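Here is a short report for a first look at this structure. It starts with aromatic rings, then turns to cores and strands.

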Amino acid sequence: KSDDGNISYDEFLIGIRGVLNKRRKNMVNMAFDILDKDGSGEIDMSDIIDVYDVSKHPDVIARRKSKEEVLKEFISTMEVGADKDGIITLEEFHNYYAAISASIDDDDYFELMIRNAWHISGGEGWCANTTNRRVLVTHADGRQTVEEIQNDLGIDGDNKKAMLAKLKKQGISAAKIELTYGDKPDDKNKNKNKPPFQLMNNKNNATDNVYERKSSRRPSSASNYRR
């Protein structure tokens, strides 16, 4: 498929199992639309920089690489089946997730992975999103309810202003909010709503770090999934 004269493990799986089915493709399209903030039909550095946290990347911590260099590498991993030009097209995004999809038998598991990785609200049953922040909302009349910050990718865990704006768009007028982790989030929770490097850096982790309620149905791994 890559015209290099060799067949990779991913290409073999895709050849055996086929491309993304309709349900999986719809989920991948939802993730793409979230990342494609300007609606250009392409994802570039400007789309990724605010939502993809590379601060914990080992090379960034060791100062061997800059954040920009790591972001470029991340984009490059998703440019599957095309030239490495620093721009991810929808077709390339499909190709990337087709390789992951080929090793996952269960459509529900695939949906959960996508929803949790990219903070996509919704889902039914054990497919329901579990990574979006929940906050305690105090309404004008004194009532208190726990509400989800929908599609909160890129919002820091202590950014109440952004959370209040999200809630307002959801039709919830909050007098104040309290964070489920307390009103003094520590460094561990500050960047909770950005996908960490470990979650999306490679295909094993893209599935292994999902909130698991069906561990017995995890996909098998392959050594060449890791870069």
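## Aromatic pairs

The count comes to five aromatic pairs, where rings of Phe, Tyr and Trp (its six-membered ring) pair if their centres lie within 6.5 Å; planes under 30 degrees apart are stacked, over 60 edge-to-face, and the rest tilted. This is a predicted model, in which local features need pLDDT of at least 70 and side-chain atom pairs count only at pLDDT 80 or more, while totals for chains, interfaces and linings use all residues. Residues are numbered from 1 along each chain as its sequence is written, and side-chain values use heavy atoms, with hydrogens and water left out.

Two of the pairs are set out here.

| Pair | Centre to centre | Angle between planes | Class |
|---|---|---|---|
| Phe93 and Tyr97 | 5.2 Å | 70° | edge-to-face |
| Tyr96 and Tyr97 | 5.1 Å | 90° | edge-to-face |

Phe93 and Tyr97 both sit in helix H6. They are four residues apart, about one turn of the helix. Helices (H or I, at least four residues) and strands (E, at least two) are DSSP runs, numbered from the N terminus.

Buried means under 20% relative accessible area, exposed over 50%, and partly exposed in between (1.4 Å probe, protein chains only). Tyr97 has 1% relative accessibility, so Tyr97 is buried. Tyr96 and Tyr97 are both buried.

Ring pairs also build a cluster: Phe32, Phe93, Tyr96, Tyr97 and Phe110 are linked.

## Nonpolar cores

A nonpolar core is a set of buried Ala, Val, Leu, Ile, Met, Phe, Trp, Tyr and Cys residues joined through side-chain atoms within 4.5 Å. The largest one has 34 residues. Phe93, Tyr97, Ile114 and Trp118 have the most contacts inside it. At least two core residues come from each of helices H2 (22-35), H5 (67-78), H6 (90-101) and H7 (107-117). H7 gives the largest share, six residues. A second, separate core has nine residues, including Ile149, Met163, Ile172 and Leu179.

## Paired strands

Two strands pair if DSSP finds at least two bridges between them. Strand E3 (residues 134-139) pairs with strand E4 (residues 144-148) in the antiparallel sense, over five bridges. Arg134 has Glu148 in E4 as its bridge partner. Four residues lie between the strands in the hairpin of E3 and E4, where Gly142 takes a positive phi near 95°.

E3 also pairs with strand E5 (residues 174-179), antiparallel over five bridges. Here Thr138 stands opposite Lys176 in E5.
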